[in-house]
Amino acid sequence: MFILKFIVYMIVIYSILKPFENHLVYNVAYQSYLLLKIFTDTSYSGNHIYLNRFDIEIVAPCTGIIFISLYLALLLSLSKNIKEVIAGVPLLVIIYLGNILRIFLTGFFGEIFSEKVQWVHEVVGYLILPIFSVIATLMYLKILSRMRSK
């Protein structure tokens, strides 16, 4: 029953959030640019970040909406009441910041390994955001455990 509930929530939540991806692209690009600017010479325009050796184009999948949807589906599937849902929602920030860090690391290491930038993109992408999603989930499970033991 849990799996079915999770899948239904995932489809519904992603369907609701998907239209916001195109708007979120510009925020994610700008915030990633600000972080990159601290460490390297870079410029920014719209959904593009221009580094010395290559450019990063932020597109809809780069917003992290899929991982946010997965987390929210898990949150709703595990929660027994609104109080438990509200306790888990602030942890979305961890997933969002993990996504910004993912783009930053792609740009940072892409500058160092510019001839292998696609490889850097894949490795960083498959590691960072899933790790931050698991961290947020484990934190939520700990919060849930404490709330239910009272």
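## Salt bridges

A salt bridge is a side-chain nitrogen of Lys or Arg within 4 Å of a carboxyl oxygen of Asp or Glu. In this predicted model, that rule gives 2 salt bridges.

One of them joins Glu-21 and Lys-18, whose closest N and O atoms are 2.9 Å apart. Glu-21 is buried, at 2% relative accessibility, whereas Lys-18 is partly exposed, with a relative accessible area of 39%.

## A link between helices

Arg-148 and Glu-84 also form a salt bridge through their side chains, with an N to O distance of 2.8 Å. This pair connects distant parts of the chain: Arg-148 belongs to helix α6 (residues 117–149) and Glu-84 to helix α4 (residues 82–88), and the two are 64 residues apart.

Arg-148 is partly exposed, at 36% relative accessibility. Glu-84 has a relative accessible area of 4% and is buried, because buried means under 20%.

## The sheet

The model has an open sheet of 3 strands in the order β1-β2-β3, with antiparallel pairing. The edges are formed by β1 (43–45) and β3 (55–57); each has a single partner strand, so one side of each lacks a neighbour in the sheet. On average, neighbouring strands are turned by 15 degrees against each other, direction ignored.

The antiparallel pairing of β1 with β2 (residues 48–50) runs over 3 bridges. Ser-45 has His-48, in β2, as its bridge partner.

## The helix on the sheet

Helix α2 (residues 21–39) packs on the sheet and touches β1, β2 and β3. The direction of α2 makes about 170 degrees with that of β1.

Note on methods: Residues are numbered from 1 along each chain as its sequence is written. This is a predicted model: local features need pLDDT of at least 70, side-chain atom pairs count only at pLDDT 80 or more; totals for chains, interfaces and linings use all residues. Side-chain values use heavy atoms; hydrogens and water are left out. Two strands pair if DSSP finds at least two bridges between them. Helices (H or I, at least four residues) and strands (E, at least two) are DSSP runs, numbered from the N terminus. Axes are lines fitted to C-alpha atoms, for helices over the stretch in contact, and angles run from 0 to 180 degrees between N-to-C directions. Contact means heavy atoms within 4.5 Å. Buried means under 20% relative accessible area, exposed over 50%, partly exposed in between (1.4 Å probe, protein chains only).
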